[in-house]
Amino acid sequence: MTATFFKYQGTGNDFVMIDNRTLFFPKEDNGLVAFLCHRRFGIGADGLILLENDESHDFRMVYYNADGREGSMCGNGGRCIVAFAKFLGIIERKAKFIAVDGPHTATVDGDIVSLKMQDVTEIKRKPSALYLNTGSPHHVQLVSKLSTFNVAKEGAKLRYGIYGEVGSNINFVEQESEDTFNVRTYERGVEDETLSCGTGVTAVALAMHELGKIKSNYAHINAVGGKLKIEFEFSEGSYGQIHLIGEAKQVFKGEITW
Ligand SMILES: N[C@@H](CCC[C@H](N)C(=O)O)C(=O)O
């Protein structure tokens, strides 16, 4: 079979994007997804995303990690699929779509996509980290000398050591200034460091607010692959109106045969 695909990136988190409105894609074939994401034998990506029709939303997002398994919510992927929906003419400046963690809204302004995330009602404190779910599970840990920190090794240790079979994404953070943080993430399902993780930097912003490290209702994040902004409201122990904001770009279009 020969299929048309698109490649998108959001602050360096890259995705194979497929228009599956005709439902041609064999969704149960995890080996095929892993092959398409493979950086030497396939197209190469941190994940694969299918755009499908949905009765009560503009579209449906189906997200797979690079290991071929369906993942939990992907924030950067969510921003990229909104840019893809605009490219396909499904939306103009506003989107309402459904993903694995529920409905999302988004706005597009040029290459900048602002994606509304689910509310977060619980942040767990661990001895040297915080743990929360922003659509995907995230461990958030402050470290020093982030630029030379061994994210792949330490991330794998925590991902398998603390969180067992289900696992978690692991974010290492360093405060840069009053409202700015540098973040590097080990991603579950990619099983390596990626250049950016949208649900991860969202988790970092909320965790830093929880620790009193930010007084504002926003945070700027320097991921390895680019800059993101997170805005939120905090009331009665809960975070709402959470927006993940940053660039999402189409990189190329191609055809692949399997
Ligand atoms: N890259 C993603 C996170 C994707 C989810 C994750 N790898 C998982 O299934 O745990 C993002 O931008 O949020």
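This is a predicted model: local features need pLDDT of at least 70, side-chain atom pairs count only at pLDDT 80 or more; totals for chains, interfaces and linings use all residues.
Residues are numbered from 1 along each chain as its sequence is written.

The domain assignment, which comes from an automatic or database source, divides the protein into domain 1 (2-111 + 248-257) and domain 2 (123-247). The centres of domain 1 and domain 2, taken over C-alpha atoms, are separated by 23 Å. Contact between the domains (C-beta atoms, placed from the backbone, within 7 Å) involves 21 residues of domain 1 and 21 residues of domain 2. On the side of domain 1 that touches domain 2, the largest share, 4 residues, is supplied by helix α2 (residues 75-87). Helices (H or I, at least four residues) and strands (E, at least two) are DSSP runs, numbered from the N terminus. The residues of this side of domain 1 comprise 4 nonpolar, 10 polar and 7 charged; Ala, Val, Leu, Ile, Met, Phe, Trp, Tyr, Cys and Pro count as nonpolar, Asp, Glu, Lys and Arg as charged, and the others, Gly among them, as polar.

Strand β2 (residues 13-19) is largely enclosed by the rest of the structure, because 7 of its 7 residues are buried. A residue is termed buried if 20 or more other C-beta atoms lie within 10 Å of its own, exposed if 12 or fewer, and partly exposed in between, with C-beta atoms placed from the backbone. In a regular strand, side chains alternate between the two faces of the sheet. Both faces of β2 are covered, with Asn13, Phe15, Met17 and Asp19 buried on one side and Asp14, Val16 and Ile18 buried on the other.

Pairing of strands requires at least two DSSP bridges between them. Strand β1 (residues 2-10) runs antiparallel to β2 and is joined to it by 5 bridges, with Gly10 opposite Asn13 of β2. These two strands form a hairpin with 2 residues between them, and Thr11 in the turn has a positive phi of about 45°. Strand β3 (residues 47-52) pairs with β2 in the parallel sense over 5 bridges, and Ile49 of β3 stands opposite Met17.

Helix α2 has 13 residues, of which 11 are buried, so the helix is largely enclosed by the rest of the structure. Among the buried residues are Arg79, Cys80, Ile81 and Phe84. Gly89, with a positive phi near 85°, follows α2.

How values were computed:
Two residues are in contact if their C-beta atoms, placed from the backbone, lie within 7 Å. The expected span of a helix is 1.5 Å times one less than its number of residues.
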